[in-house]
Amino acid sequence: MDVARNPEMADAAPTPHEPPVIRREDYTPFPWLVPETRLHFDLGLEATRVVSKLTVARNAKAHRVDSIRLNGDGAELASVKVDGEPISDWTMDGDDLIVPLSGDAHEIEIATEIAPSANSQLMGLYASNGMLCTQCEAEGFRRITFYPDRPDVLSTYRVRMEGDAQQFPILLCNGNKETEGALDGGRHFAEWHDPWPKPSYLFAMVAGDLVANSSTFTTMSGRQVELNVWVREGDLPRTEHAMESLKKSMQWDEEVFGREYDLDLFNIVAVSDFNMGAMENKGLNVFNTKYVLADPDTATDADFDAIEGVIAHEYFHNWSGNRVTCRDWFQLSLKEGFTVLRDQLFSQDMQGEAVKRIEDVRILRSAQFPEDSGPLAHPIRPDSYREISNFYTATVYNKGAEVIRMMRSMAGPKAFRQATDLYFDRHDGEAATCEDFVKAMEDGAGLDLSQFRLWYSQAGTPKVDVTLSHEGDIATLTLRQTVPATPGQPAKLPMPIPLRIALFDREKGTHAGEQLIVIDRAEKVLSFEGFAAAPVLSINRGYTAPVAIERHVPREDLVFLAAQDDDSFARYEAMQELVVGHLVAALGDGLSDSDREAGQEAIASAFGAIIADEALDDSMRGELMMLPSQTYLMEQMLVADPGRIHVERESLKAWLGNRFLSQLEALHDRVSAVPYSMESAARGARKVKTQALVYLAAAAPEATAERAWDQFNAADNMTDRQGALMVLAGLEGVDRTNALLDFYNRYQGNELVIDKWFTLQALSLHPDALAHVKALAKHKDFTLRNPNRVRSLYMAFAGNPHAFHVASGEGYRVLADLILALDPINPQTAARFVPALGRWRRMEPGRAALMRTELERIAAAETLSRDTFEQVTRSLG
Ligand code: B3K
Ligand code: ZN
């Protein structure tokens, strides 16, 4: 919906009409039940006609109203009938259709016409590469027909699709196909029935020229399920990994959560134009091609893992989301937080627990922490919104998963499983709330979560201040928590924070076992006897709580933990802290030469141990070698100067590269000799290969350009090729140009790989990265119509501090121009770029002012979508 300025206010300051605020506390049940929905589609790319028939009956649990509100958004209304008779006393309230109803049960028939080809928002029914597909979550169904488009209205759907048999040979919908057949004039039809009542956001339909990778899965009760991964013809050879991932997910959900699939058919369709990763529509998941298509030549190891994770996520929604859905959109984390946790646990089992945990925490810190400390901070269960699409956030998803993970840590896996069983039993077929989930956790796992519920209502990343003192044979641990103020929430209460800890004997290098402590007050003091010497504290092992730990310990303790903690996460964490502590000190008041040297030497000692440790597998070595991201470093500082952070971080990289030049070269040589396979050892080798190259490039750019060029040419897989190109893209010289050209020519026409080509340049360390981004925006392959392409260039750019944050403010201008140009085309995707500018308060004053100026320029635009309006006003607020 576009928000136009009120013409009567022409003389006053231009204030766009404000879209209304929707509040959680205003929830009321819908006055009507809709037991059955029948839809008839006459499909066409330019025009599709829709007839919907709803049986409705009064909801005894709601107030009586003598009309029904059917939400709409842009569909052209052709006719309205009630109980078979055309009526004319319907009215419009904004976009909604109000139909008067006096009896207790009726049949409503609505005819609409929509234009899929003109739908650039990619919400509702739209065209992509000549096929038709849908995206209805959160409020897209109302763009197809007028309907009670809210998640607490559950209905069973019968759908008839009719269309040209040549243009749309494959007709897919939710549930099971009941009949199909030919019609006159080269047309055909299919009729689908989904026996499971569902809200409209889970409706899906696809019509197009597709081919399938087909297989079967037999469930634990012996049901044979037909599985299909539908793609465009040329893409079929790249679907096997998706199919295998689906089967593994189905098996795992039975084994670990006792959840069985409930239809005879499970379809996945890959589409190129998609606003996000994928969508869990009942029995018909629609996926971004990025999360389906893979082979070693075109997808990296990380791509393979992401596909496995997203396929699992969408499949797991069949229970956590579809069988038990959300009462209203404020409860989004009920399905998303829980499903993210489920996909994380699955991937831990598939790929290895330690590395997956590190990766998930890295995502939390780089995406969620900045959100939680900025103007867009919100609790995992928000209290209000203007546009729900803006709340599919790292907070709702990733922090939501962490909150459930904490309950699991406190309960233990067995009791947690009892609680999830109870939750599914109790709420199957219902639209539930976060409170229902917590209650099931309490009843099923025997926990008292009264105070823990604060995690659902309070925003902000808690900080835990840790001090360990030692006297006699007693070690005393003092833990103090504070939850920072966030917009609308100035004062906070202490929350229960579960932390797994261990105390190491620093001489022996061992500990007497770990324990879980829960800080449930502002301050907690714990004493531990039997320590003749001060122990080394390992805390938040496995990252049991999504908090920021601030510990006051000697640097040698961090070196000790980085070199030998038996908890892999804690080892990684110690290394990160060592580096963060050093860089933050250097960026503060500066370091004396001796302090700088001491800091660097401590890092070198841990880094040296990591590259030499033969007991470490390469996959973990690769993780431990990674420096904290610049975004995370910015987050550690009250006021950040991105230019200085970049210089300090790069110089530490170069220093380490120089210091360990020969070891890193030897390491690169060793892992380069490992042949390609998907085995974990070979994957680890590839990770280390590019990591080694990164340090070498910082230390010795010219020699490394040659090494990277060799890696690029020798590569028989995308991981090595992309790794080498990433390094080359940051260097000057002919190898850079040649590699970029070679890569482009080799993969021209492969959308997903060309996306990588855009990303590598936008993310590069090259001093002219900003100029490259501007040039790439004019490249013939660039388009604002495809969200993957837009993100491949501009998300990468916004995540590249040295390009985005150039002191002149030009980077901010480039991003604001993009937002303004994209907003009228695809508001949901446009609004996703606003948070990058919203960080202005945490920047040094010069950049802060420039960022604000750009936000104000966007706010002053003639028309703005509800999505962008909300993000910009909150960011300025
Ligand atoms: N549930 C969808 C997300 C829909 C986003 C709508 N703006 C994908 C997922 O989380 O599985
Ligand atoms: Zn999800």
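**Figure 1. Salt bridges across the interface of domain 1 and domain 4.** In this predicted model, the rule finds 0 salt bridges between domain 1 and domain 4. Polar contacts do turn up, though: the count is 2 residue pairs, both at pLDDT 80 or more. On the side of domain 1 that touches domain 4, the residues sort into 2 nonpolar, 3 polar and 1 charged.

**Figure 2. The area buried between domain 1 and domain 4.** For a closer look at domain 1, pick out Ser120, Gln121 and Leu122, which lose the most area to domain 4. Together these residues supply 72% of what the domain 1 side buries.

**Figure 3. Domain 1 and domain 4 in the setting of the chain.** Domain 1 takes in two segments, 36–54 and 66–209, while domain 4 covers 748–877. Domain 2 (325–457) and domain 3 (463–552) complete the division. Taken over C-alpha atoms, the centres of domain 1 and domain 4 are 35 Å apart. The contact itself involves 6 residues of domain 1 and 8 residues of domain 4.

**Figure 4. A stacked phenylalanine pair.** The model holds 40 aromatic pairs by the rule used. One of them joins phenylalanine 338 and phenylalanine 424, whose ring centres lie 5.9 Å apart. Their planes meet at 25 degrees, under the 30 degrees cut-off, so the pair counts as stacked. Because phenylalanine 338 sits in helix 3 (residues 332–351) and phenylalanine 424 in helix 6 (residues 413–427), the pair ties together parts 86 residues apart in sequence.

Definitions and conventions: Residues numbered from 1 in each chain as written. Chains lettered and ligands numbered in written order. Predicted model: local features only at pLDDT ≥ 70, side-chain atom pairs only at ≥ 80, totals over all residues. Heavy atoms only, no water. Domains from an automatic or database assignment. Contact = heavy atoms within 4.5 Å. Buried area = accessible area lost by both parts, 1.4 Å probe. Salt bridge = Lys/Arg side-chain N within 4 Å of Asp/Glu carboxyl O. Polar contact = N/O pair within 3.5 Å; in protein donor to acceptor, adjacent residues only side chain to side chain. Nonpolar A, V, L, I, M, F, W, Y, C, P; charged D, E, K, R; others polar. Phe/Tyr/Trp six-rings, centres within 6.5 Å; stacked < 30°, edge-to-face > 60°. Helix = DSSP H or I, 4+ residues; strand = E, 2+ residues; numbered from the N terminus.
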